[in-house]
Amino acid sequence: MTNKDRPWVMRTYAGHSTAAASNALYRTNLSQGQTGLSVAFDLPTQTGYDPDSALARGEVGKVGVPIPHLGEMRRLFDQIPLTEMNPSMTINATAMWLLAMYQVAAEEQNPDLAPSEVAAQLAGTTQNDIIKEYLSRGTYVFPPEHSLRLISDMIAYTVHEIPKWNPINICSYHLQEAGATPTQELAYALCTAIAVLDAVREAGQIGPDDFEKVVGRISFFVNAGVRFVEETCKMRAFVQLWDEITRERYGVEDPKMRRFRYGVQVNSLGLTEAQPENNVQRIVLEMLGVTLSKDARARAVQLPAWNEALGLPRPWDQQWSLRLQQVLAFESDLLEYDDIFNGSHVIEAKVAELVEGARAEIDRVQAMGGAIAAVESGYMKQALVSAHAARRGRIESGEEKIVGVNIYDTTEPSPLTANLDEAIMTADPAAEQSAIDSVAAWKEQRDADAVAAALARLAEDAKSDQNLMEATLAAARAGATTGEWAGTLREVFGEFRAPTGVSGAVGVAEAGAELTTVRERVAATGEELGGRLRLLVGKPGLDGHSNGAEQVAVRARDAGFEVIYQGIRLTPEQIVAAAVAEDVHCVGLSILSGSHMELVPAVLDGLRAAGMDDVPVIVGGIIPDSDGRALLEQGVAAVYTPKDFGLTEIMGGIVDVIRRANGL
């Protein structure tokens, strides 16, 4: 039998409803041959709120598992030996807090070992990349400089105390979801790594001898799109550029420490709601981009499910995605060969082109003062919004072809989606109340004075240049909650609102006939109503995936609307207040976290109470059919889902809605 390479780690990104339900799911997945855990946390946990906070309403347990305190962390990993696991935790703003609770849960599982002995055995990864949160995913909490300090403190702590832990996983995945070209994905991810390494070096907690270890523990998390030849070249370009940066900028001698280590979740941006069965072959092609080239192969792979654009995948759908990886690794001959691309002049030329483009963009960002400066000025965000707008334009014009969407869109009835309401999993409606009850019960049984003392120490340390990990561990042991830890640091560091990138973004290059027609209708309707048409684009709740809202805002501006868009994470009350203050003609809400049934009615009620129930409300997001019908019955004027890809068509629909509401 031929010698085969070891396959990559196979993970499924999972977590939902409650810690107990997620624990059962993890144990099942591990028993089915999955080799790593990838933990999804809900939005309140990611943004530092407890389930009983007003901002958490409708979001608890939706896109991941709620972990508001140590008791839930214990439940999440019940009967899963943490000293033998290698989990990946997708957590950023509150990464330090979740790592502390994870470490304390592991200490409790091993009462006969000293805490330092337990820490030495822990292996895993915290994502902990805040820069892409400001650009694309929106789960940031603190301003950039303070966020960078938390990251640098965590890196220093893990190098000294948890040497097998990967304290940061620089994540270009969401950059591609936000429209990044391969060149932008390469450049902005590497600029993030440079910003982090520079911050660690300047903090002075790591001696020059240990700095190589910091570089060696940095891992990346990338996205692979369906253009798998280009994606293969992108991965080879990453390997080359990282080797170059670590050697030249940081003087890392050991080639092992310069290795580009990455995990991957393949692209969800390209998954379609129309003919969703086509997503299976898309996922397979995307997986090939990160596995075919041995010298640039992913260390860990997790795949989305075929029905992700419809709603929450079921365990069976996730199993299908896991089997795709297993067939490639165990049935094909891929792992029997050295790198099959070495010596290919086609691949070499494409890699060289990507490397050259990425170097130029890295230099541009460094000349501005680095990644943090390019976030604060809005440069990187505008570049992504513009690239995404260009991609949308190519799809709508038919230049970029998507099977089942803008080409070959006739279809036989699909047995997979015959009963759509059963083709996805729905979040447990009781999860929110159970999480609120859990926090109340937790607070009852803990020592309130010990918690107050631990939080006071955390605030003091935050005002100094003390490493915050020790105070954070003390707060976890005392029984503080996620909201209390983040709230204490919010008091010291302040909050932050990232630039939306909409005002400076480049929209449609030239208006075709369709957009020209819509523009004329927008102008004429405005004249009939005595002014320019005003559209409020709102993102209620904690969902930070703002790509759709930004594209709607940019296209609405191109169509002649006056657009009011204040960015992510607004309460229904704030959206209603903005609608009243700006006296808008239509309110458009974008929600991708599944909390539409809680948040949309709250906005409708608020508008009614403000005497503005004649202002039509439209909603966009990943909204199952039955929910869409229920929203229309409650008074929503129109519901748009990913299958409605024509933005100009949507603009025409908004004009129709405004005309109907005003009896025109």
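Helix H4 (residues 95-109) and helix H19 (residues 469-478) pack with axes that come within 9 Å and cross at roughly 55°. From H4, Met 96, Trp 97, Leu 99, Ala 100, Met 101, Gln 103, Val 104 and Glu 107 meet Met 469, Thr 472, Leu 473, Ala 475, Ala 476 and Arg 477 of H19; contact here means heavy atoms within 4.5 Å. This is a predicted model, where local features need pLDDT of at least 70, side-chain atom pairs count only at pLDDT 80 or more, and totals for chains, interfaces and linings use all residues. Residues are numbered from 1 along each chain as its sequence is written, and side-chain values use heavy atoms, with hydrogens and water left out.

**How H4 and H19 meet**
- By class, the contact of H4 with H19 has 10 nonpolar, two polar and two charged residues.
- H4 passes H19 in a right-handed crossing.

**Ala 478**
- You'll find Ala 478 in helix H19.
- Leaving aside residues up to four places away in sequence, Ala 478 touches Arg 446, Ala 450, Val 451 and Ala 454.
- Ala 478 and Leu 70 sit 408 residues apart in sequence, yet 9.4 Å apart in space, C-alpha to C-alpha.

**Helix H26**
- H26 (residues 647-661) has 15 residues and reaches 21 Å from first C-alpha to last, close to the 21 Å expected at 1.5 Å a residue; the expected span is 1.5 Å times one less than the number of residues.
- Buried residues in H26 include Leu 647, Ile 650, Met 651, Ile 654 and Val 657, with buried meaning under 20% relative accessible area (1.4 Å probe, protein chains only).
- Just after H26, Gly 663 takes a positive phi of about 60°.

Technical notes: Helices (H or I, at least four residues) and strands (E, at least two) are DSSP runs, numbered from the N terminus. Buried means under 20% relative accessible area, exposed over 50%, partly exposed in between (1.4 Å probe, protein chains only). Axes are lines fitted to C-alpha atoms, for helices over the stretch in contact, and angles run from 0 to 180 degrees between N-to-C directions. A crossing is left-handed if the near helix is turned anticlockwise from the far one by less than a right angle, and right-handed if clockwise. Ala, Val, Leu, Ile, Met, Phe, Trp, Tyr, Cys and Pro count as nonpolar, Asp, Glu, Lys and Arg as charged, and the others, Gly among them, as polar.
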